[in-house]
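Let's take a walk through this chain together, one stop at a time. Keep the sequence and the 3D view open as you read.

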Amino acid sequence: MLFALALASGLLDCPAFAPGPYYTRPIASAPVDADSSQYIRSMIDAGSTGGFWIAAEPAETVNVAGPKTPVYRVHPKVPYHAFGEPYPWDADFHIEPLSDAHAIVVRAPSCDLYETYDTTFTNGVFSAYSGAHWNLRRAFLPLEPGTPSAMASGLSLYAGMVRWEEVASGEIRHALNWAAPAGTVAQWSFVRPASDAEGIRFKGTGKYRLPYGARLRLRASFDISRFGPQSATIARAMKRYGIYLADTARENELYNAMPFIGSNRWNRADLEALASIHIGDFEVLSLGTVENVPGHN
């Protein structure tokens, strides 16, 4: 508990990765992709018509490990996703109770980050479908092509998460992860810093299909003057740092977590303002080279 309190009190000392081209670099003046409008239109035509959403009662929790937290070999649930090192875990740690069963662990004070998908801990056996380990004090290092993390894209769930402690400070200093409506983005293709993609069939008919890892920016002209403090902080991050296409869901979804300590501080009425933001309010930044997931050309 002491280690959890120490990290909670100094949460912003563990950055969303060190300065580098991904997550932490401001993109307010970054160039727009030449085909931005076509990518946005293709998503709308494929069914992305609703506003953005973030949970007022988050299912995600960040677990805090200390030097004495036990480590476990992670048993892979499929033979093609291996874990090369043990992960810290405690029987009291929280696994997301939804179908993704995400687990997030930050080790204090080293800021090592461990994430898993489809996580279980039963009879002392720690198992997961996929996952990744990074150090938040270093620049984000993309995974090898064809490798997912706790997310389908291979991006970091934690680094792109809206955390209460950041919102309370009035500023988010990193890009956000975004789950697009399933079927509105590309199948089996990605751009860096992503490393993987899902095989969900694209529902549209056009040739423009947004790849996983694409970074979008909320237009500077979008009016947030009537937003409450929580939604305004999130929207400002969308303008300054952008959002990464990291996964898919039923609607345009952002990720957040329960506060480290104390009662839930998220304000439902405030967060509902995000529903006024639609995919048409964004522009796609220069994509770079689009890659196919190995074995899915």
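Cys 111 counts as buried, at 0% relative accessibility; buried means under 20% relative accessible area, exposed means over 50%, and partly exposed is in between, with a 1.4 Å probe and protein chains only. Cys 111 also has a positive phi of about 65 degrees, although it is not a glycine. You'll find Cys 111 in the loop between β6 and β7. Those labels come from DSSP runs, numbered from the N terminus: helices are H or I runs of at least four residues, and strands are E runs of at least two.

Before we go on, a word on what you're looking at. This is a predicted model, in which local features need pLDDT of at least 70 and side-chain atom pairs count only at pLDDT 80 or more, while totals for chains, interfaces and linings use all residues. Residues are numbered from 1 along each chain as its sequence is written, and side-chain values use heavy atoms, with hydrogens and water left out.

Now look at the loop between β5 (87–88) and β6, where Ala 101 sits. Ala 101 is not a glycine, yet its phi is positive, about 45 degrees. Is Ala 101 buried or exposed? Ala 101 is buried, with a relative accessible area of 10%.

A cis peptide bond also joins Arg 192 and Pro 193, this one with omega of about 20 degrees. Pro 193 belongs to the loop between β12 (189–190) and β13 (215–218).

Time for the aromatic rings. A pair of aromatic rings is described by the distance of the centres and the angle of the planes. Rings of Phe, Tyr and Trp (its six-membered ring) pair if their centres lie within 6.5 Å; planes under 30 degrees apart count as stacked, over 60 as edge-to-face and the rest as tilted. The structure holds 21 such aromatic pairs. One of them is Tyr 39 with Tyr 208, edge-to-face at 5.5 Å centre to centre and with 80 degrees between the planes. That pair links distant parts of the chain: Tyr 39 is in helix α2 (residues 36–46) and Tyr 208 is in the loop between β12 and β13, 169 residues apart. Tyr 39 counts as buried at 11% relative accessibility.

Phe 52 and Phe 282 make a tilted pair, with 5.2 Å centre to centre and 35 degrees between the planes. Here too distant parts of the chain are linked, since Phe 52 is in strand β1 (residues 52–53) and Phe 282 in strand β16 (residues 282–284), 230 residues apart. Both Phe 52 and Phe 282 are buried. Elsewhere, look for one aromatic cluster formed by Phe 17, Tyr 22, Tyr 23, Trp 134, Phe 140 and Tyr 244.

Next, a sheet. Three strands form an open sheet in the order β4-β9-β8, with mixed pairing; two strands pair if DSSP finds at least two bridges between them. The edge strands, β4 (75–76) and β8 (120–122), each pair on one side only. β4 runs parallel to strand β9 (residues 125–128), and the two pair over two bridges. Pro 76 has Ala 128 in β9 as its bridge partner.

Finally, find Ser 221 in the loop between β13 and α4 (229–240). Ser 221 is exposed, with a relative accessible area of 67%.
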